[in-house]
Amino acid sequence: MAGDDDQPNVPETRTSVELDAAEALRLLGGVSLGRIVFTRHALPTVRPVNHVLVDGDIVIRTHGDAALTRYTRQTGAEGAVVAYEADDIDPDTHLGWSVVVTGYARLVTDPGELARYRALLRPWATQRMDHAVRIGPDLITGVRLTAHDPSPLG
């Protein structure tokens, strides 16, 4: 059949399974790259960043000129509403998982806490990253994409 050889590793049927919050955070803690979504000029903005999970919160490092740093600084102690997405999906089989965390991002100002995050998280960019943002999860959702092999009939 035409197309059968185009993607030999892709299963015929996939199932999407909802993850509970604990499993979603466990998976999120197992990867270091994600995407943060925040508001800039009243529009959604997405940035790829690396992260570490600390006491159930997502921590990213940033620099003083970053749009995210300015955004969280403007909101003060109440924090800025953000979404954070990370995934591990195989490009050939399209199987894996995706997690989205929605919550409030706050600029970290405590020097001891900043020092801790500097030790835990090495930025992937060569730019100096003197700031950190901590995201407290309020809503955690996730899905696992698995192969569904129907049982042969008869």
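This is a predicted model: local features need pLDDT of at least 70, side-chain atom pairs count only at pLDDT 80 or more; totals for chains, interfaces and linings use all residues.

Colleague: What elements make up the secondary structure of the chain?

Modeller: The chain has three helices and eight strands. From the N terminus on, their order is β-α-β-β-β-β-α-β-β-α-β.

Colleague: How much of the chain counts as buried, and what does the accessible surface come to?

Modeller: Of the 154 residues, 38% count as buried, the cut-off being under 20% relative accessible area. The accessible surface comes to about 9300 Å², and 52% of that belongs to carbon and sulfur atoms.

Colleague: What share of the contacts joins residues at least 24 apart?

Modeller: The share is 71%, counted among contacts between residues at least 6 apart in sequence.

Colleague: Which residues of helix α2 are buried, and against what do they pack?

Modeller: In α2, which spans residues 67–75, the buried residues are A67, L68, T69, Y71, T72 and T75. They pack against strands β2 (33–40), β5 (57–62), β6 (80–89), β7 (96–107) and β8 (131–147).

Colleague: Why is T93 called buried?

Modeller: The relative accessible area of T93 is 18%. Buried means under 20%, so T93 with its 18% is placed in that class. T93 is found in the loop between β6 and β7. Its C-alpha atom is separated by 9.5 Å from that of T146, 53 residues apart along the chain.

Colleague: Why is H94 called partly exposed?

Modeller: H94 has 32% relative accessibility. The value falls between the limits of 20% and 50%, so H94 counts as partly exposed. H94 also has its place in the loop between β6 and β7.

Colleague: What makes the phi value of H94 worth a remark?

Modeller: Phi of H94 is near 65°, which is positive in a residue other than glycine. H41 has a positive phi as well, near 55°, and is likewise a residue other than glycine.

Colleague: Is H41 buried or exposed, and where is it found?

Modeller: H41 has a relative accessible area of 71%. H41 is found in the loop between β2 and β3 (43–50).

Colleague: Which residues form the positive surface patch?

Modeller: The patch is formed by R40, R47, R70 and R73. A patch residue must have over 30% relative accessible area; R40 has 32%, so it passes that cut-off and is partly exposed. R40 is found in strand β2.

Colleague: How many salt bridges are there, and why is the pair R35 and D87 called one?

Modeller: The count comes to seven salt bridges. In the pair R35 and D87, the closest N and O atoms are 3.5 Å apart. The limit is within 4 Å, so the pair qualifies as a salt bridge. R35 lies in strand β2 and D87 in strand β6, so the bridge ties together parts that are 52 residues apart in sequence. Both residues count as partly exposed, R35 at 30% relative accessibility and D87 at 26%.

Colleague: How do you know that R116 and D55 meet in a salt bridge?

Modeller: Their N to O distance is 3.7 Å, and the rule asks for a value within 4 Å. The pair links distant parts of the chain, with R116 in helix α3 (residues 111–120) and D55 in the loop between β4 (52–54) and β5, 61 residues apart. R116 is partly exposed, with a relative accessible area of 40%. D55 stands at 64% relative accessibility, which is over 50%, so D55 is exposed.

Colleague: What makes D57 and R134 a salt bridge?

Modeller: The closest N and O atoms of D57 and R134 are 2.7 Å apart, and the limit is within 4 Å. D57 is in strand β5 and R134 in strand β8, 77 residues apart, and the pair links distant parts of the chain. D57 is buried, and so is R134.

Colleague: Which residues are linked in a network of salt bridges?

Modeller: The network links E23, R26 and R144.

Technical notes:
Residues are numbered from 1 along each chain as its sequence is written. Side-chain values use heavy atoms; hydrogens and water are left out. Buried means under 20% relative accessible area, exposed over 50%, partly exposed in between (1.4 Å probe, protein chains only). Helices (H or I, at least four residues) and strands (E, at least two) are DSSP runs, numbered from the N terminus. Contact means heavy atoms within 4.5 Å. Patches are made of residues with over 30% relative accessible area and no salt bridge: like charges are joined within 9 Å, nonpolar side chains (Val, Leu, Ile, Met, Phe, Trp, Tyr) within 5 Å. Accessible areas come from the Shrake-Rupley method with a 1.4 Å probe; for residues, only the protein chains shown count as cover. A salt bridge is a side-chain nitrogen of Lys or Arg within 4 Å of a carboxyl oxygen of Asp or Glu. Lys and Arg count as positive and Asp and Glu as negative; His and the chain ends are not counted. The place of a charge is taken as NZ of Lys, CZ of Arg, CG of Asp or CD of Glu.
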